[in-house]
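Good morning, and thank you for coming.

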Amino acid sequence: MTDSSRYRPQVIEERWQQHWQSQGLARTPEPGPSAASHSVGTGEPYYALSMFPYPSGSLHMGHVRNYVITDVIARVQRLRGRAVLHPMGWDAFGLPAENAAIERGVDPGAWTDQNIGQMREQLKRLGLSIDWDREVATCHADYYRWTQWLFLQFLDAGLAYRSEATVNWDPIDQTVLANEQVDGAGRSWRSGSLVEKRKLRQWFLKITAYADQLLDDLPKLQGWPERVRTMQANWIGRSTGAELQFEVVDGDGAGTGQHIAVFTTRPDTIYGVSYVVLAPEHPLVEALTASEQQLSVQAFIDLVGRQSDQERTAEDSPKRGMPIGASARNPANGELVPLWIADYVLAEYGTGAVMGVPAHDQRDFVFARQYELPVRQVIIPEGSDEHAYEGGAWTAGGVLIHSGPFDGLTCAEARQQIIAAGEAGGWGQGRVQYRLRDWLISRQRYWGCPIPVIHCDSCGVVPVPEEQLPVELPQGVELAAKGGSPLAQLESWVAVACPCCGQSARRETDTMDTFICSSWYYLRYSDPHNTALPFSREAVDRWLPVDQYVGGIEHAILHLLYSRFFTKVLRDRGLLGFDEPFARLLTQGMVQGITYKNPHSGRYIAPADVADPSDPRDPISGEVLDTFYEKMSKSKYNGVDPAGVIDRYGADTARMFILFKAPPEKDLEWDDADVEGQYRFLQRLWRLVDSAQERGLRLAPSGASPSGNAEAPLTEGDQELRRAVHTAIAAISEDLDGDYQFNTAVSELMKLSNAMGSQLEAASEAVAVEALTVLLVLLAPFAPHLAEELWQRLGANPDDDNSVHRQRWPEADASALRRDTVTVVIQIKGKVRGQLEVPADADAATLEALALASEVAAKWLEGQPPRRVIVVPGKLVNLVP
């Protein structure tokens, strides 16, 4: 075999990538009205999108899986005649770049741009059909100009506002920390000090104004995983109940006029209240705490302030609380109940106060038992008495007891009547409550999008005029400075004239949460070079909603929910004409690597340091290591560098392995042996085409496959080969529709190549050329470089606009799938005993007769007629002795 006939992916892949770029193969065409009336890739629009990455500088295998999946989808749709938009960009603001700039003493913009350049080249090596002409980076002024413009749209709509919020405060560095900057022990990532909770004025977006729409529209998202929709529904957390007013009383039991509002979904249990709990941060706690309790209450508040919300509300964490020395009156029965504070009640949720009903809430029951508070039963199961259950809270429905005029009512009846009584008496009203909180977007850091407002003593909060956008990040800022936002340190940038009155004013020094930037980037891709607007209504309505969005399940809540919120707000502003941003969502599984861990020390060991994988031991202590698969991570030493795989095997092998190893939504376990297997498969395809070339087979000039309807009848071998070809077309087409099954599609390609390997040489020229043509077109989305190379080697001229990627996706020929005979299984005594080749149209009676006359029946029935015969036409005959 000559050197030119060897499969050398490193050579052919780079060559084809350069050729595709010069030909503009991935350039987004203008969509036409119908795919049927246009050449390949110019029909109806199709938008395929991967969640854009943070530019860390290096791709990992999770990136590779995400982007290869989307690329296959985009390539298939082009072959099906759709005009495809497949863009890429960079989620480039955020803490990592700012921290890296501090550590290295470099500009975060320069560091980020360098990383973008590196990752762009890495992505190109994968052979992704991305339209790089539409690339965006959220940290570039030509992008965040429009992020600021959109913020002003929210401000004008009354959906952006400033308010006090509890934040993480580092008392040593004198700065606010994001949640991700606080470790599990509640300490600052930089100074190591215990983080405090403080209230500061912050910017919010009013996402709660769209809570009902965000929840009620979830059923429309039938192309989303049910798990994601459920997670969003739970995050929004709509609860229907009542807000009840408990009046604070003085030491003599007289009302003070102060009321504590309590939200509950169970107003039917109000007669069972034995205490009321306030959040330690509740604004009434300080005023209501008795003098003798003040020191202990403040100490408790300080203790709770060092906990995260997650720690405070975790189901398995102990619930701590203490009385504050005050009481309130139950509005339903007039009884006095003590006021407590407890760590499990959050000021930001509901009203910041809950009523304790230990008999009918398990958390309250545990808390009451711990602190010896009364447990009063007011609901019993229907048909039982109050002693029907013990040892816990009865949380199900039933009928009311010890509830005054509401005794005997069912829970559902009592809820309605108690709310009505509260509304009539002025102490309660029906209410819908949400777990969802307004979106706090302020960040006290430099590397983010500046908030485009100015603070004027005379005019208040003034939006920066649109013609002055973007408000650009200044240079020369001391990023390591302590005491608030780094931007606040640069007086020359902060001091500005008020756009309204001209007096001295000050810029807002907070920057935006980076989720703002990622909540609309998919819209910008539709019109990335527009300098008058973030996007035109015509462009965005042409391309969106995104037909297929691909990304990790970790984005199920924040990014996906915020993007839905943005879309609905911009729809209401008249900027776009659809309700949801993403029609279909695929959440790909993680890529896991073999992991070694010392179970005693907890230390991870790099696979290269494990001398014998069959008996893995710690190279230092000699202890036996635990071996398992876990998500690839630098800290676990279990990652695989994509560049190394591409250098050794080529991008097509990496793509094929990623697609074949597991269904896309499942986790994938990296296995070098399986990578080798895919490499060998691609080598077999190379040799298959090499043999076809030696035979002199060439593609038709247009690349179109023969119809297979030649006047001369096909030989049995030709029929079998065509059946294999069109079976593959049907199976792979099905795998690439609906729920994607790339792994079984690759398996079908292997079956087809096996059939061709044994039958191609004897096939007629027309059938052989058809088989080769179909094989390469089906292969093209999965292994684009090899498919293009083999296509060209079989006579196609790539400079003639005849790339394999510009062909039509083949359609299965039903006539080729028909068989004259089929194989039927014979079962006797519950086991398969043999097979019969029978006419494909044989009816049940014929199949029974053929089975009874077979040698298999003679052997196993031993001359005795069966008691029963079960026939499944085309599949089996079951003879029951």
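Predicted model: local features only at pLDDT ≥ 70, side-chain atom pairs only at ≥ 80, totals over all residues.

Residues are numbered from 1 along each chain as its sequence is written, and side-chain values use heavy atoms, with hydrogens and water left out.

Four strands form an open sheet in the order 31-30-33-32, with mixed pairing. Strand 31 (831-839) and strand 32 (868-872) are at the edges with a single partner strand each, so one side of each has no neighbour in the sheet. Strands here are DSSP runs of E, at least two residues, and helices are runs of H or I, at least four, numbered from the N terminus; two strands pair if DSSP finds at least two bridges between them. Strand 32 runs antiparallel to strand 33 (residues 876-880), joined by five bridges, and V869 has L879 in strand 33 as its bridge partner.

I turn next to strand 11 (residues 321-329). Three bridges pair it antiparallel with strand 8 (residues 238-249), where V248 stands opposite A328. Six antiparallel bridges link strand 11 to strand 12 (residues 336-342). These two strands form a hairpin with six residues between them, and G334 in the turn has a positive phi of about 80°.

Finally, E748 lies in helix 22 (residues 742-759). Is E748 buried or exposed? E748 is buried, at a relative accessible area of 16%, where buried means under 20%, exposed over 50% and partly exposed in between, with a 1.4 Å probe and protein chains only.
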